[in-house]
Amino acid sequence: MNLSRKRKKELRKLQNDAGQLWEAQQVIVGHAADIAREAGRQLGHFNREQVVPVVQDAYSRRVAPTVDRGLKIGKHVVDDKVVPIVGGVVGTALSAWDVANAKRHGLVHKAAPKKKSMGFGSVVAIVLGAAAAIGVVVAAWQALRADDELWVADDPLSAPNA
């Protein structure tokens, strides 16, 4: 392709302008990267100085007591409800074992009438499942109930006064 001198000169000038524009853009991008780096650093300082203390305070005042209450309720349910029931079931099972051993050795003359009821595994499963479900529901309700102080306002952030 043959180009006239005038076209070659215009193309060289255009190429030089494009190169200068590219260099100017690289300088601007470098400045933008410096500004973004400084903004990130300032955001880290703001996070450490303002956000983290508020979140830690809200956690220690709201979430931790609720979790502790849930654990206490769960411990109460297990200690005062589940353990006695399971103990009773185990005691009944051991009594049945003793009766079976005595019958096998011919010591029992009259057998107790047989009742139709759920099996040992079914009773234990129902009791443990109900206790666990109640504990989880109470703990979840305590942790997830609405609290106006924990919500963040929808107002945009304004620049801090320097």
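Colleague: Leaving aside its neighbours within four places in sequence, which residues is Thr 66 in contact with?

Modeller: A word on the model first: it is predicted, so local features need pLDDT of at least 70, side-chain atom pairs count only at pLDDT 80 or more, and totals for chains, interfaces and linings use all residues. Residues are numbered from 1 along each chain as its sequence is written, and side-chain values use heavy atoms, with hydrogens and water left out. Contact means heavy atoms within 4.5 Å. Once those sequence neighbours within four places are set aside, the contacts of Thr 66 are Ala 139, Gln 142 and Ala 143.

Colleague: Is Thr 66 buried or exposed?

Modeller: Thr 66 sits in helix α1, residues 5–104. We call a residue buried under 20% relative accessible area, exposed over 50%, and partly exposed in between (1.4 Å probe, protein chains only). The relative accessible area of Thr 66 is 5%, so this residue is buried.

Colleague: How many helices does the secondary structure of the protein chain come to?

Modeller: Helices (H or I, at least four residues) and strands (E, at least two) are DSSP runs, numbered from the N terminus. In the protein chain there are zero strands, and the number of helices is two.

Colleague: Are α1 and α2 roughly parallel or antiparallel to each other?

Modeller: Helix α2 covers residues 120–144, and α1 packs with it at an angle of about 170°, with the axes 9 Å apart. Axes are lines fitted to C-alpha atoms, for helices over the stretch in contact, and angles run from 0 to 180 degrees between N-to-C directions. Under 35 degrees counts as roughly parallel, over 145 as roughly antiparallel, 65 to 115 as roughly perpendicular, and the rest as oblique. The two helices, α1 and α2, are therefore roughly antiparallel.

Colleague: How far apart are the C-alpha atoms of Val 124 and Val 90?

Modeller: Val 124 belongs to helix α2, and with a relative accessible area of 19% it is buried. Where the helices meet, the α1 residues include Thr 66 and Val 90, and those of α2 include Val 124 and Ala 139. Val 124 and Val 90 are 34 residues apart along the chain, and their C-alpha atoms are separated by 9.7 Å.

Colleague: Which residues make the nonpolar surface patch of about 360 Å²?

Modeller: Patches are made of residues with over 30% relative accessible area and no salt bridge; like charges are joined within 9 Å, and nonpolar side chains (Val, Leu, Ile, Met, Phe, Trp, Tyr) within 5 Å. Areas come from the Shrake-Rupley method with a 1.4 Å probe, and for residues only the protein chains shown count as cover. One member, Val 55, is found in helix α1. The patch is made by Leu 43, Phe 46, Val 51 and Val 55.

Colleague: How many salt bridges does a search of the whole structure find?

Modeller: A salt bridge is a side-chain nitrogen of Lys or Arg within 4 Å of a carboxyl oxygen of Asp or Glu. One of them joins the side chains of Arg 7 and Glu 10, at 3.0 Å from N to O, and both residues lie in helix α1, about one turn apart. Searching the whole structure, the total is five.

Colleague: With which residue does Lys 75 form a salt bridge?

Modeller: Lys 75 counts as exposed at 53% relative accessibility. With the closest N and O atoms 2.8 Å apart, Lys 75 forms its salt bridge with Asp 79.

Colleague: What share of the 162 residues in the protein chain do buried residues make up?

Modeller: The accessible surface of the protein chain comes to about 14400 Å², and 64% of that belongs to carbon and sulfur atoms. Among the 162 residues, the buried share is 8%.
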